[in-house]
Amino acid sequence: MCDDGFCCFQCIRTKEIGVIENLGQYKRLAGPGLSCILYPLESIVGKLSLRIQQIDVRCETKTKDNVFVQIGVAVQFRVIEESAYDAYYRLENSSSQIQSYVFDVVRSTLPRMELDDAFANKDQIAAAIFEQLQDVMRDYGYEILASLLVDISPDAKVKVSMNEINASKRLKAAAEHKAEADKIRQVKAAEADAEAKYLSGVGVARQRKAIAEGLQNSVFDFSQEIHGSSPKDVMDIILLTQYFDTLDNVGADSLILEHDPQVVGSLQRQLRTSTAANRSATVAENKNSFF
């Protein structure tokens with residue numbers, strides 16, 4: 001009895017293909033299911049899986065700016081059923097062959113790019129690996145389905161420095177935005193102040209215009225009521241009235257003095273004389289009341 005069946009009857013699993021040899025010479029391929037062979041003249045010497053397979057490759061190389069990085073590439077492939085003969089006999093180790101081509105493409109592409117460009121052009125690197133492998137491996141009975149650049153890993157110190165550079169750029173941008181915001185705030189404040197002063201001036205002008213119109217009406221009414229009076233007489237009366245009103249308002253809470261030092265000194269002497277006279281009068285009054 002042999003594996004997967006009797007010696008003359010062999011079973012091939014789904015998504016597999018068997019290679020049958022007759023006395024060491026290739027005879028035919030056996031598909032999934034039961035196969036009848038002429039044992040011991042014939043035998044199934046190997047099986048190939050038709051499922052999609054994946055190989056993970058890690059490669060170290062350096063970029064144009066002399067930064068060493070670890071590149072992780074995932075290649076997905078499968079055996080072409082019609083070319084199973086080539087896949088079994090022409091290529092002994094498909095994984096090693098794929099890995100070699102990945103190394104070749106990565107180490108010829110990355111040194112022409114700087115580190116930032118390598119991160120930005122991951123799809124370009126993956127496409128170059130795919131094109132190289134697809135053309136070569138098809139001749140050996142393998143179909144390349146996809147090549148994925150899954151990782152670009154520089155040294156930890158390089159990562160820290162890149163983060164610091166990014167943080168510095170963001171801080172610079174934040175400072176520029178803050179300065180621009182302060183500028184806009186100051187400009188808007190100046191515009192608001194100018195607008196407020198303009199409106200205040202308009203209000204004062206309207207107030208003065210209203211006062212002038214009121215005075216004009218007062219003069220006209222006074223002249224109409226009192227015969228023989230001229231507008232000049234009316235204006236003199238109005239100005240005199242406003243003068244007394246001003247004195248009344250100023251004198252209510254304030255004491256107006258001349259700025260001459262002699263006047264101030266005279267005022268001090270008057271205050272002392274008045275205070276002394278009041279004290280003498282008080283003492284004399286107290287004596288008279290005692291007697």
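Visitor: How many salt bridges are there, and what counts as one?

Guide: A salt bridge is a side-chain nitrogen of Lys or Arg within 4 Å of a carboxyl oxygen of Asp or Glu. By this rule the count here is 6. Keep in mind that this is a predicted model, where local features need pLDDT of at least 70, side-chain atom pairs count only at pLDDT 80 or more, and totals for chains, interfaces and linings use all residues. Residues are numbered from 1 along each chain as its sequence is written, and side-chain values use heavy atoms, with hydrogens and water left out.

Visitor: Which residue meets Arg28 in a salt bridge?

Guide: Glu42 does, at 3.4 Å from N to O. The pair links distant parts of the chain, with Arg28 in strand E3 (residues 25-30) and Glu42 in strand E5 (residues 42-49), 14 residues apart. Strands (E, at least two residues) and helices (H or I, at least four) are DSSP runs, numbered from the N terminus.

Visitor: Is Glu42 buried or exposed?

Guide: Buried means under 20% relative accessible area, exposed over 50%, and partly exposed in between (1.4 Å probe, protein chains only). Glu42 is buried at 4%, while Arg28 is partly exposed at 30%.

Visitor: Where do Lys188 and Glu191 lie?

Guide: Both are in helix H5 (residues 156-225), 3 residues apart, about one turn of the helix. Lys188 is exposed, at 51%, and Glu191 is partly exposed, at 45%.

Visitor: Which strand does E6 join?

Guide: Two strands pair if DSSP finds at least two bridges between them. Here 10 bridges join E6 (residues 53-62) to E7 (residues 68-79), and the two run antiparallel.
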